[in-house]
Amino acid sequence: MGRSMELWLSAKNAMSSARGGMTLIALMGFVLSSGSGYAGPLEQDLTAISQAGEMQGRPPEEMQRLAGQVQRAQSLGLPTESLVDKIKEGMAKGIETPRIEQRLILMINHMKLAKTLLKATGPSGKNQAALGGKDRALAVLSEALERGVTPDEVRSVHRDIGEGNHEVHPDALAYGAKGMALMKEGGLPPDVSRAVAATALRK
């Protein structure tokens, strides 16, 4: 509840010039939802975001561009949950709309690359069912790419995990790449990070 209250207070301060109890109640509902994650149909979320943007005095055309980025991701078959959450987070923190949009574009680019890598390294034929939870794998691999893991390193992790004819599940590849990213951030050399991540996931 502490986090939700903090976000609510931030929004309340940003809307100190707003008039009417219904306005404040609507904004409070929007901000509280940002602390509890994605919920409800995408269009409802985008409508709530647009309304909150209007109450914060953000130009409608800027809010439309944010919605357009989310809809573009949806049209590409990419998950939208993290994008919606990023918009809510940015608005609650008072970040300028163009900066939020640039962040969305970067996230979408990482998702597109992650999707390509998962498709290239994923199971084929009857084992395609293993991709059923691809949204989770895609989100985790996108984060690994954002943290600085390169496509070549992702392919290397895939080879290392699959050594000895082990089947590489998309989740294993994604979490292996994320583990490598975290170890690199901790100061381990890339080759060591990759080997440790692959060994752990082969067990």
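Does Leu-188 count as buried, partly exposed or exposed, and what is its relative accessibility? Keep that in mind while you browse these views of a predicted model.

**View 1. Leu-188 sits in the loop between α9 and α10.** To settle the opening point, Leu-188 counts as partly exposed because its relative accessibility is 37%. The loop that holds Leu-188 runs between α9 (170-185) and α10 (190-202). Leu-188 also belongs to a nonpolar surface patch, together with Val-192 and Val-196. The accessible area of these three residues comes to about 210 Å² together.

**View 2. Helices α9 and α10 cross at roughly 140 degrees.** Here the two axes come within 8 Å, and the crossing is right-handed. On the α9 side, the residues that meet α10 are Ala-172, Tyr-175, Gly-176, Met-180, Met-183 and Lys-184. Their partners in α10 are Pro-190, Ser-193, Arg-194, Val-196, Ala-197 and Leu-201.

**View 3. Asp-135 lies in helix α7.** This helix covers residues 134-146. With a relative accessibility of 39%, Asp-135 counts as partly exposed. Asp-135 and Pro-170 are 35 residues apart in sequence, and their C-alpha atoms are 9.9 Å apart in space.

**View 4. The protein chain has 10 helices and 0 strands.** Zooming out for context, 38% of the 203 residues count as buried. The protein chain exposes about 11000 Å², with carbon and sulfur atoms supplying 53% of that area. Among contacts with a separation of 6 or more, 70% come from residues 24 or more positions apart.

Notes. Residues numbered from 1 in each chain as written. Predicted model: local features only at pLDDT ≥ 70, side-chain atom pairs only at ≥ 80, totals over all residues. Heavy atoms only, no water. Patch = residues over 30% accessible without salt bridge, like charges linked within 9 Å, V, L, I, M, F, W, Y side chains within 5 Å. Areas by Shrake-Rupley, 256 points an atom, 1.4 Å probe, with all protein chains shown as cover. Salt bridge = Lys/Arg side-chain N within 4 Å of Asp/Glu carboxyl O. Helix = DSSP H or I, 4+ residues; strand = E, 2+ residues; numbered from the N terminus. Buried < 20%, exposed > 50% of the residue type's maximum accessible area, 1.4 Å probe, protein only. Axes fitted to C-alpha atoms, helices over the stretch in contact; angles between N-to-C directions. Left-handed = near helix turned anticlockwise from the far one by under 90°. Contact = heavy atoms within 4.5 Å.
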